[in-house]
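The following paragraphs lead the reader through one structure, element by element. Please keep the sequence and the three-dimensional view at hand while reading.

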Amino acid sequence: MNCNELREHYELYAIGVAEEPERSEIRAHLNRQCEVCMQGIKRAREVVALLGGTVPPAVPSAALRRRILASVAVEQRRFGWAPFLAAAFAMALFAAVYFGGRERDLANELARVREQNSRQTIELTAVNQAFAILTGADTTVTTFGEGQANPKGKVFVSPSQGVLLIAGNLQPAPPGKAYEMWIVKSGKAKAAGMFQSAPDGSAMHMQRGSVENTDAVAVTLENQAGADQPTSTPLFAAPIRALIQ
Amino acid sequence: MMIPLLMAVHAAEDDTSLVARMQRRDPNALAELYDRYGRVTFSLIVRVVRDAGIAEDLVQETFLRVWNRVHGFDAQKGSIGPWLLAVARNRAIDYLRSAAGRQRQSREFEETDLPALYCDMEKDILSSHKARRVKSAVEKLSPNQRHVIELAYFEGLSQTEIAERMGQPLGTVKTWVRAALKNLRDELGAVVPA
């Protein structure tokens with residue numbers, strides 16, 4: 001397809017709803033640095049970028065900045081501890097120069113390795129947070145579904161740090177559906193994140209942050225987009241307050 | 001309903017040097033990038049995933065991804081903000097699709113291999129003034145047009161998935177999407193010069 005035929009699809013592509021074959025055609029044009037399509041997509045992306053600036057304001061925790069900067073520091077330290085990686089990098093740089101034109105591939109590979117490293121750091125952070133809930137001085141454990149074929153498991157609640165749900169016998173959600181956890185307080189349910197179970201029926205989900213005075217933790221099956229309030233009967237609900245007191 | 005994000009996304013008069021410092025692996029530059037775009041990035045992601053804890057993980061992933069891929073961004077060409085937000089949106093939608101058990105939709109090509117596609121944008125494209133203009137443009141859309149744009153942008157749904165979600169024929173949804181994008185383009189003509 002020529003650029004003129006693709007022109008009407010630039011914005012659909014930019015927002016992610018272009019269909020085949022136009023999507024592949026635009027990609028092919030961009031991949032070969034087609035100037036007409038590059039310019040068209042840039043303009044279309046400006047409209048999409050503007051949409052991103054219209055969301056309701058929200059404020060992250062102060063700890064997030066430290067986490068991000070710490071993970072970069074970890075990354076740099078890890079590279080410092082592994083001289084062989086530095087040697088491999090030097091050899092890779094030499095190869096890049098030698099083979100000329102492959103710098104970009106090499107840089108992308110390096111970026112991929114760094115990302116893998118970063119992702120592991122993030123996962124480690126999540127594991128540490130789960131561990132903190134499991135071992136918290138104020139953590140209580142509630143068992144639900146014991147002796148039943150239905151979903152069963154444990155809920156760990158640390159009022160100061162969050163809730164960790166570990167469940168079994170939780171069948172994979174039907175297409176278009178997902179599980180949603182709820183924190184019930186004074187009769188009101190507050191959404192606490194969506195999750196899926198593994199093919200073997202196991203599931204783990206964590207909600208971080210203060211969960212003072214939680215009465216119960218419940219799980220419902222919802223549409224995959226999530227719901228602000230439960231729209232179905234809870235699959236299970238674990239009462240909490242009685243054990244905390 | 002969309003409300004303009006009237007928070008401080010300062011005009012990126014110095015994004016050029018910021019990008020250059022990141023390319024030299026200066027961690028302080030990453031701190032400045034976070035101070036400049038952290039809130040708007042978090043706001044966008046939390047709007048998509050509706051969970052503050054998960055959103056923070058994804059913000060962290062977004063900034064590290066940009067940090068690791070910044071070598072591909074031309075430091076001389078404009079603000080890094082639009083690229084950062086594109087990465088953030090894609091991370092959030094990928095998470096949403098994964099959490100909902102839907103097939104992950106690869107957006108790698110656009111967001112990482114060609115960050116140059118985010119160069120040359122106006123330096124203050126994410127300013128509060130422009131957010132107000134966009135809010136106004138979005139509010140002028142019909143309810144159906146606004147809904148399809150929100151489902152596409154914030155949930156990453158395809159036109160077929162939007163049709164299923166709304167219980168409408170695919171052809172109707174396609175008409176709404178095209179009309180919405182055309183109206184936005186017309187309304188934002190002065191903001192995004194052709």
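Strand E2 (residues 152-158) of chain A is joined to E3(A) by seven bridges, and the two run antiparallel. Strands (E, at least two residues) and helices (H or I, at least four residues) are DSSP runs numbered from the N terminus, and two strands count as paired if DSSP finds at least two bridges between them. The model is a predicted one, in which local features need pLDDT of at least 70 and side-chain atom pairs count only at pLDDT 80 or more, while totals for chains, interfaces and linings use all residues. Residues are numbered from 1 along each chain as its sequence is written, with chains lettered from A and ligands numbered from 1 in the order in which they are written.

Between E2(A) and E3(A) lies a hairpin of three residues. A:Ser158 has A:Gly162 in E3(A) as its bridge partner. E3(A) also pairs with strand E6 (residues 203-208) of chain A, in the antiparallel sense and over six bridges; here A:Ala167 stands opposite A:Ala203 in E6(A). Strand E3 (residues 162-168) of chain A is largely enclosed by the rest of the structure, because five of its seven residues are buried. A residue is buried if 20 or more other C-beta atoms, placed from the backbone, lie within 10 Å of its own, exposed if 12 or fewer do, and partly exposed in between.

Four strands of chain A form an open sheet in the order E5-E4-E7-E8, with antiparallel pairing. Strand E5 (188-195) and strand E8 (236-239) of chain A each have a single partner strand and stand at the edges, so one side of each is left without a neighbour in the sheet. Within this sheet, strand E4 (residues 177-185) and strand E7 (residues 216-223) of chain A are joined by eight bridges, and A:Tyr179 stands opposite A:Leu221 in E7(A).

Helix H3 (residues 22-31) of chain A has A:Ile26, A:His29 and A:Leu30 buried. Seen down the axis of H3(A), these buried residues fall within an arc of 100 degrees, so they line one face of the helix; the arc is that of the directions from the helix axis to the C-beta atoms. On the other side of H3(A), A:Ser24 and A:Asn31 are exposed. Just after H3(A), A:Gln33 takes a positive phi of about 60 degrees.
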